[in-house]
Amino acid sequence: MNTIRITIVVIIAFFIAITGYVIAGSTAYGNKIYDPGKLKPVDSELKVKINEKAPDFTLPSISGKSVRLSSFYGKKNIMLTFIPAAWTPVCSDQWPGYNIAQELFEDTILLGISVDNIPSLFAWTREMGGLWFDVLSDFWPHGAVSSSYGILRTDGVSERAIFLIDKKGVIRFIHVEDINIRPDLGMIVKELKKIIF
Amino acid sequence: MRYLIFIFFIVIGFHFLPVQGVCQNFKEKLDFTLPAPQDEIHKNYLGLLNDEDFSLGQIKADIVIIEIFSMYCPICQREAANVNTLFDLIQKNESPVKIKLIGIGAGNSSFEVEFFKKKYTIEFPLFSDSDFAIHKKIGTVRTPHFFGLALQGNGKFRVFYSKSGDISDPEIFLETLLKVSKSGQ
């Protein structure tokens, strides 16, 4: 009887030890990331098209200012990068990539947009180590900007989408990625070059 | 209560087991091929004789260190300088143990891997795993993740090290790897 008990105890202890190895291996965000699992790739219908004027908006940013899209017209091209939710796996690994690629976004303003509120976005981007581009909150009225572009999903988060807007405020490229995947940086840079040159 | 104390000491005990005990199941998972680098310097570095896909066991080395990274991972970005220092230490290492270092970009396209390489002036070979095929096969480890493989000839290898997270001090990391590689021989 004792042998059985000891065997069970040793097996339990082994699994606790192994789990410890896995947890100890977490990096970057530690164990703060919530994994929603695999989601429906796209769950909305676009309301804008290429060569149309981009719907204008004003949103609060984590820098404390309000940012109006049309304020960049005539000065810079604009890339809107919508991500579904802060503190989730794919999103947490998307903007830090753009963060080291500033030189690839020549003559282009990057605006990150999420339906999360400002405090959550502030804390999350701090955890990333900060970003060189501004991050805007489409929290209230909830997802209004995402909805105007046709990328608000039925569960209230936005799609993972990229919009390239030229200096005249015209949409030149739209890419709604499978929410479970990161859009390829190579594709974005290729499309940006088409606008710049 | 007695059993709780017993479990506690056994858990602690397991943590002091040689790392390779936990790594045995990685052997099959690391059974994948990579495309031969187009860069001749990298091809020579790995000791590859042709342009065909190669398995890890074909690398001409005694020890192969693999970094699973992503250009999107903040820690991988911050650690790039340390990993470059590790590569320099390996290159200068005068011990008869031949060590080679490679990186695999989990979910990174060729463009993204190339960008990461240029951004941080990385001199060792990096490979793209754009569809996460390798990453899934090895068990979706967190990035950066380091594997240490001891090559045994005839394409066979033993996984003696597997750990996620930063390497912090490249010198200590290399010393640890060399020490752990000797256990279980």
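Which residue in E7(A) is the bridge partner of Ile162(A)? In E7(A), that partner is His175(A).

## Ground rules

This is a predicted model, so read it with the confidence limits in mind: local features need pLDDT of at least 70, side-chain atom pairs count only at pLDDT 80 or more, and totals for chains, interfaces and linings use all residues. Residues are numbered from 1 along each chain as its sequence is written, while chains are lettered from A and ligands numbered from 1 in the order in which they are written.

A word on labels: helices (H or I, at least four residues) and strands (E, at least two) are DSSP runs, numbered from the N terminus.

## The sheet in chain A

Chain A has an open sheet of 5 strands with mixed pairing, in the order E5-E4-E3-E6-E7. Two strands count as paired if DSSP finds at least two bridges between them. The edges here are E5 and strand E7 (171-177) of chain A, each pairing on one side only. On average, neighbouring strands of this sheet are turned by 20 degrees against each other, direction ignored.

E6(A) and E7(A) run antiparallel and are joined by 6 bridges. H6(A) packs on the sheet and touches E3, E4, E6 and E7 of chain A. The direction of H6(A) makes about 15 degrees with that of E6(A). For such angles, axes are lines fitted to C-alpha atoms (for helices, over the stretch in contact), and values run from 0 to 180 degrees between N-to-C directions. Touching, or contact, means that the C-beta atoms of two residues, placed from the backbone, lie within 7 Å.

## A closer look at H6(A)

Helix H6 of chain A covers residues 185-196. (The expected span is 1.5 Å times one less than the number of residues.)

Which residues of H6(A) are buried? They are Leu185(A), Ile188(A) and Leu192(A). Seen down the axis of H6(A), these buried residues fall within an arc of 60 degrees, so they line one face of the helix; the arc is that of the directions from the helix axis to the C-beta atoms. On the other side of H6(A), Lys190(A), Lys193(A) and Lys194(A) are exposed. Here, buried means 20 or more other C-beta atoms within 10 Å of a residue's own, exposed means 12 or fewer, and partly exposed is in between, with C-beta atoms placed from the backbone.

The buried residues of H6(A) pack against helix H3 (95-99), strand E4 (108-114) and strand E6 (160-165) of chain A, together with helix H6 (110-119) of chain B.

## Over to chain B

Chain B has 8 helices and 7 strands, and 41% of its 185 residues count as buried. Among contacts in chain B with a separation of 6 or more, 64% are between residues 24 or more positions apart.

In chain B, 5 strands make an open sheet in the order E5-E4-E3-E6-E7, with mixed pairing. Strand E5 (126-129) and E7 of chain B are the edge strands, each pairing on one side only. From one strand to the next, the twist averages 25 degrees. E6(B) and E7(B) pair in the antiparallel sense over 8 bridges, and Gly148(B) stands opposite Tyr161(B) in E7(B). H6(B) packs on the sheet, touching strand E4 (99-106) and E5 of chain B, and its direction makes about 150 degrees with that of E5(B).

## Loops worth a look

Asn108(B) is in the loop between E4 and H6 of chain B. Is Asn108(B) buried or exposed? Asn108(B) is buried, because 32 other C-beta atoms lie within 10 Å. Leaving out residues up to four places away in sequence, Asn108(B) touches Ser70(B), Met71(B), Val113(B), Ser128(B), Asp129(B) and Ser130(B).

Trp87(A) sits in the loop between strand E3 (77-82) and helix H2 (89-92) of chain A and is partly exposed, with 17 other C-beta atoms within 10 Å. Ser168(B) lies in the loop between strand E7 (156-164) and helix H8 (170-182) of chain B and is exposed, with 9.
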